[in-house]
Amino acid sequence: MNDKTTRVDTDATLSYGGSLPGHFYSDAAIFAADLGFLCDTQWMLIDHASRIPNPGDYFLFAVGKENLIIIRDRENAVHAFYNVCRHRGSRICREKDGHVNLLVCPYHSWSYALEGQLRGAASMADNFEKSRYSLRSAHLRVEQGFIFINLATAQPPDFGQFIDRTLPFLAPHGFETARIATRKTYPTDANWKLVVENFLECYHCKAAHQTFCSVHSSEKLLAYGAGPGSASHELATQFSSQLVTWEPEAAAKGFFTGRFADDWHAPYFQSASRLPIGHGYATESVGGVPMAPLMGDYTQYDYAQTAITLNPISHVLSSSDHAIAFRFTPRGPLTTDVEAIWLVRDSAVEGTDYDIAKLMRVWDVTLSEDKVITEDNQAGVLSTAYTPGPHSRHEARITDFCAWYAEHRGVPINT
Amino acid sequence: MNDKTTRVDTDATLSYGGSLPGHFYSDAAIFAADLGFLCDTQWMLIDHASRIPNPGDYFLFAVGKENLIIIRDRENAVHAFYNVCRHRGSRICREKDGHVNLLVCPYHSWSYALEGQLRGAASMADNFEKSRYSLRSAHLRVEQGFIFINLATAQPPDFGQFIDRTLPFLAPHGFETARIATRKTYPTDANWKLVVENFLECYHCKAAHQTFCSVHSSEKLLAYGAGPGSASHELATQFSSQLVTWEPEAAAKGFFTGRFADDWHAPYFQSASRLPIGHGYATESVGGVPMAPLMGDYTQYDYAQTAITLNPISHVLSSSDHAIAFRFTPRGPLTTDVEAIWLVRDSAVEGTDYDIAKLMRVWDVTLSEDKVITEDNQAGVLSTAYTPGPHSRHEARITDFCAWYAEHRGVPINT
Amino acid sequence: MNDKTTRVDTDATLSYGGSLPGHFYSDAAIFAADLGFLCDTQWMLIDHASRIPNPGDYFLFAVGKENLIIIRDRENAVHAFYNVCRHRGSRICREKDGHVNLLVCPYHSWSYALEGQLRGAASMADNFEKSRYSLRSAHLRVEQGFIFINLATAQPPDFGQFIDRTLPFLAPHGFETARIATRKTYPTDANWKLVVENFLECYHCKAAHQTFCSVHSSEKLLAYGAGPGSASHELATQFSSQLVTWEPEAAAKGFFTGRFADDWHAPYFQSASRLPIGHGYATESVGGVPMAPLMGDYTQYDYAQTAITLNPISHVLSSSDHAIAFRFTPRGPLTTDVEAIWLVRDSAVEGTDYDIAKLMRVWDVTLSEDKVITEDNQAGVLSTAYTPGPHSRHEARITDFCAWYAEHRGVPINT
């Protein structure tokens, strides 16, 4: 990845309390630099390991001009190899997923082991050293069943520092033994930062998300709708008075509870919480009705939901009986792929234990609505008449996201 | 708008008597500067007020990256608001036209009065001042029923100076009580200046416009086919000898007559004329047959037509019983939207008083033909083999248009 | 054409023995410079003269922003005129091919003789000199029925020096009396240099071209699959021992034989050979079965094939009974049109003497396969993980093609 240290615009500043100047959401050079920044400094959640259960199973993941083969080797380790033959650069794998015993380039049949070493290369010069032509790889970690990658050419950021605080939130759901039930991509014609901003506030929920609002309690949505820190201190405090009662009760029943939110100086801008859904709903479904077998450690519903932001483009939402992983993949200055991956307990049987359409319903509706409003947001931000207005009290989290972005990208902040 | 003062190419010159060097018709930077120049220095005719007869009626007009809400307020004043919420920049209106009582942003429900003031914005900080967040507006004038806008960030050009000389030509047609009968857009893959050049000469009519030539007398087309100044002084003088007879006769019957044409130093490069159609035709229709109820002050046909160029991208043609407004909207270096709006007397009833297909026929055919020839012109101008050839005696008006463009854009002119 | 002398990247070097650094296959500025280089320094084979047998017959050829009218005049000479009217630049011819008696511009009816002189231009000033406004032309040569063009604004390269060594290879096939049987374009999403590289080696044939390999002997393909010089000296020498027997035998029967290959310092990087097809096949067809009447001087099959590279984007393959001309036309940094033109003896009758589907079969399959593998190659080369790997012993010809390109484009070569 390139340009991660480039300061593209030396004049622009961020006024703390609002969003960024307009060209940050459209400029091609800023986009290229943003993409390099994300790939190099973040661990990106890209999928769940259940997609490739057996040695030789692989899938492709594309970001920027890169195409990666995510493959399970013979020892069950997972690798991220650049899908680029070391001979003349051809793509090696053509299908978006599949199974191979050997990675064979279709151009000239150079072949590689599942661990990346060059195995076969016909008719090379006598002094050709195969050992110098292993597939190039990106950094990859699997944790709690989730696959994370980082494309730094040198050392990646410390993975423990990245993941450790979220582990208590992830652990009860047994993601290592979870399984992908279904997935869907929502291609969105908007800059990735507008997608993130939309995900980090619920000020828009009342106007835009009728289904979502039917599930969650309105006061929680405004105070915590996008996780801890997503509303003003005052509003959060009001709602916290309810949590002061709920959290000890839940803990007494043996359920996990917890909350934290990074400030904008933190490297990953993480947050996590487990909060009651509201309305006496058991899970995040229409009507709050159970949708699938309980996951992980859960033996009964706690009527709550975990929300984890691993970084601005990687999120997990988890009820007691299902979870959704969200990945936001920047595709261009004005395009982002929003992808949702629905997870259930590994043993759950489709049709018997869960229904795909019901499982998807709340977030399929919500993400479809988000696509429209985010695209409308982008269209207006392109105008010369756009200047950032002040954030409301329910947009505290995007105030800080913009500050986090500015600090990490070298944009002066006017507080 | 940006770049209006940018000199993109400091080497190019215009040889007076021919068109511009090729890159003026394709270069992206020149296009951006042109667009800023047009938006900032011209009053652009964008529509007719009958499109939004009642308070709360609106339509959207797009130019460059801008999208404007043209809306009638409660006092019947018409405004041009940028379609950009003052909060986070979302588009406020999504439909190309409609009716509202309040302008409500679909993202977070900020709402604005029809006059632009922010009315509602929930959960803002206590010190939030609504009065500072009215919708931004562009300059707008309504005159004789036509809507004009200008996007200068500071003072717009003087509207009186712009419109006054055309009022005597517009007034007899009663455009304030006219109504849009139909409209059609002809997206054209050519630079806006090639679209203008095509509209300002009739040297091509014989080869390209059989229908158009069946309506108008050939000698007028060559001398005045694109308005006064569209042929050489010599040819115009020849035809003027006929006008010397016709004009007093028409005036004696109480009909309006007149002619004028700006030279290339003028700010808007305007022209206007009322000339006999020829062939004894009552109106500009196939066969010259009447097509709709007489407009404005006309109580009988004068067998003539008014042609007004308000500026190179805004034109009106008006017979006694109908009129057409033309707007040329630059979309990109190689794309322009040509739009025609057909107008009839407000009281005219479709189907009874006029037939849409017949009303459109002459110019629908002609503009469709113009699209083809202008696109062919653009294709050739892209070649390195293109150099401007000399204009014919019937292209005097485009000689001066090119000079007008050059003078206003800072391109040296070689006379 | 522009930029032919521009050095776009002053840091990049070619390591002799591998392909070029990645950005040479995608950068827009390098592409523009490459296109100028090809148009200005090469004679491009663009078609066969049988496409325009009679005076007034023409076809259009597009390259870069240029569009050329290739037309036969009244004296049977063929011209390449820029399809740009000398008046205001309009395209003159709109159809991809046709017949005219006079070239009449559809815009204002300026008309030109088949030899290019301006004939008619109405209403021009009295001092207008028609003789100054002939159509501009590009350099064109017809040799052995093939049409070659060069777009240099000054003197083109010496045509004799370009063509002479290939004449003995072309002559026996009687191309002057050949006829186009059919043609097909394979639009390929890859830089032109990757298309060329793919054409200049047969290391990929075994993996990618089952049909092609069923026709040709495998040892020849590896040693000479892409003409002389397409394998290492060692491999070529091994195969040459067979040729030492075959060539005198063929010559004794009166058949033409021969071989040559330029090194990478030569201006056109030409090569030519006549080699046995192998498997006892009479012609390059599935099963080796005859497909059409013998061409030119052939009165019996010699079971061999001529392969001529006139320059990297112009090739001819010729069996005793048919031939194929290949033109590779760069369209953009990542797009190239590969076009094949199948030729048969002029007197051959379709349906009776040959079957189009059978005639096309071997190369239609092969070029369709090439499109896929070349596009996969391009996709991988875009990655930052791409670095050129070492060429195999069967890729000696692309090693030299890359060196030829580097030398002629001013890229330092690290040998």
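Two residues are in contact here if their C-beta atoms, placed from the backbone, lie within 7 Å. This is a predicted model, in which local features need pLDDT of at least 70, side-chain atom pairs count only at pLDDT 80 or more, and totals for chains, interfaces and linings use all residues. Residues are numbered from 1 along each chain as its sequence is written, while chains are lettered from A and ligands numbered from 1 in the order in which they are written.

**B:His79 and its surroundings**

By that contact rule, B:His79 touches B:Ile71, B:Asp73, B:Gly116, B:Ser137 and B:Leu140, leaving aside residues up to four places away in sequence. B:His79 sits in strand 5 (residues 78–82) of chain B. Helices (H or I, at least four residues) and strands (E, at least two) are DSSP runs, numbered from the N terminus. A residue is buried if 20 or more other C-beta atoms lie within 10 Å of its own, exposed if 12 or fewer, and partly exposed in between; the C-beta atoms are placed from the backbone. B:Ala292 is 213 residues from B:His79 along the chain, and their C-alpha atoms are separated by 31 Å.

**Helix 1 of chain B**

Helix 1 of chain B covers residues 28–41, which is 14 residues. From first C-alpha to last, helix 1 reaches 20 Å, close to the 20 Å expected at 1.5 Å a residue. The expected span is 1.5 Å times one less than the number of residues. Buried residues in helix 1 of chain B include B:Ile30, B:Phe31, B:Leu35, B:Leu38 and B:Cys39. B:Asp34 is buried in this helix too. The buried residues pack against strand 3 (57–63) and strand 17 (323–332) of chain B.

**Strand 15 of chain B**

Strand 15 (residues 304–311) of chain B is mostly covered, with eight of its eight residues buried. Two strands pair if DSSP finds at least two bridges between them. Strand 15 of chain B pairs with strand 14 (residues 271–276) of chain B in the antiparallel sense, over six bridges. Here B:Ala272 has B:Ile308 of strand 15 as its bridge partner. Strand 16 (residues 314–318) of chain B also runs antiparallel to strand 15, joined by five bridges. B:Thr306 stands opposite B:Ser318 of strand 16. Strands 15 and 16 of chain B form a hairpin with two residues between them.

**Sheets in chains A and C**

Chain A has an open sheet of seven strands in the order 2-11-10-5-4-3-6, with antiparallel pairing. Strand 2 and strand 6 (97–99) of chain A each have a single partner strand, so one side of each is left without a neighbour in the sheet. Neighbouring strands of this sheet are turned by 30° against each other on average, direction ignored. Axes are lines fitted to C-alpha atoms, for helices over the stretch in contact, and angles run from 0 to 180 degrees between N-to-C directions. Within chain A, two bridges join strand 5 (residues 78–82) to strand 10 (residues 137–143), which run antiparallel. A:Ala80 has A:Ala138 of strand 10 as its bridge partner.

In chain C, seven strands form an open sheet in the order 2-11-10-5-4-3-6, again with antiparallel pairing. Its edge strands are strand 2 (44–48) and strand 6 (97–99) of chain C. Strand 4 (residues 66–72) and strand 5 (residues 78–82) of chain C run antiparallel and are joined by five bridges. C:Leu68 has C:Tyr82 of strand 5 as its bridge partner.

**Domains of chain A**

Chain A is divided into domain 1 (45–150) and domain 2 (164–414). These bounds come from an automatic or database domain assignment. The C-alpha centres of the two domains of chain A lie 32 Å apart. Ten residues of domain 1 are in contact with 13 residues of domain 2. Strand 2 (residues 44–48) of chain A gives the most to the domain 1 side, with four residues.

**Contacts between chains**

| Contact | Residues from one chain | Residues from the other |
|---|---|---|
| B with C | chain B: 21 residues | chain C: 26 residues |
| C with A | chain C: 21 residues | chain A: 26 residues |

On the side of chain C that touches chain A, helix 9 (356–381) of chain C and helix 5 (205–208) of chain C each supply at least two residues. Helix 9 of chain C gives the most, with six residues. By class, this side of chain C has ten nonpolar, nine polar and two charged residues. Ala, Val, Leu, Ile, Met, Phe, Trp, Tyr, Cys and Pro count as nonpolar, Asp, Glu, Lys and Arg as charged, and the others, Gly among them, as polar.
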